[in-house]
Amino acid sequence: MKLRAAAFKDLNVRFPGRLAVRVSIDQYERARHEAVRGKRTWTPAIEGISWLAANGFDLSLAGRKLWDETEDALRAGYGRLLGTMDIALDAGDPRRLVLFPEMVADADVPEISEGCWSILHKTPDDVMCASSRMIVKRRGAAAPTVIACTLLPYADGFELGATLAEAAGPVSLNHRHCAKFCVLGGASCSPAK
């Protein structure tokens, strides 16, 4: 982002209200964030968040429920961090601060049935993969491909074709992360709306 700051800022100016940016900051404390992302990742993240806020971007953050803290405690911690940065982003708003549940590969998760949707007060259209796609070009591949989910770029059944038209159909929520992360966990990889 720093290398393309002028162009990125220009996009935000030319297309007001059409660009939303979500920054992953795994925890509100430097040591925990760097325990996940690696050493020397905190300062660039903080500088990037500050720059986005100062330049009027539609900003949201993404954190993780990795540590043994309640959601209220996590939101309060992020709120304190944002306060020290003088950034007016409501950490209590789940659209502005998304707290992702952890994805455990061998977790026992329930299957999402038709009845689950009404119990959860959701519809399948509420899940990100109902309306979003990700285009990836894998190393060594001749061409890009369209996939349904940023979390499952290599999972069978989530590669949807070579064009957006081919990928426009429905997606089966048949992976354990669909249930744990998106449907039951309430997480979304798309920025706040």
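Which residue forms a salt bridge with Asp26? Keep that in mind as you open the model.

This is a predicted model, where local features need pLDDT of at least 70, side-chain atom pairs count only at pLDDT 80 or more, and totals for chains, interfaces and linings use all residues. Residues are numbered from 1 along each chain as its sequence is written, and side-chain values use heavy atoms, leaving out hydrogens and water.

**Stop 1: Asp26.** Select Asp26 and Arg64. They form a salt bridge, with the closest N and O atoms 3.8 Å apart. (A salt bridge is a side-chain nitrogen of Lys or Arg within 4 Å of a carboxyl oxygen of Asp or Glu.) Asp26 sits in the loop between β1 (20-24) and α2 (30-37), while Arg64 is in strand β2, 38 residues apart. Helices (H or I, at least four residues) and strands (E, at least two) are DSSP runs, numbered from the N terminus. Asp26 is buried, at 2% relative accessible area; Arg64 is partly exposed, at 23%.

**Stop 2: strand β3.** Select residues 97-100. Leu97 and Leu99 lie on one side, Val98 and Phe100 on the other, and all are buried. Next, show Ala62, which stands opposite Val98.

**Stop 3: Glu159.** Select Glu159 and Arg138. Their side chains meet in a salt bridge of 2.9 Å, N to O. Glu159 is in strand β6 and Arg138 in the loop between β4 (134-136) and β5, so the pair ties together parts 21 residues apart in sequence.

Key
Buried < 20%, exposed > 50% of the residue type's maximum accessible area, 1.4 Å probe, protein only. Pairing = 2+ DSSP bridges.
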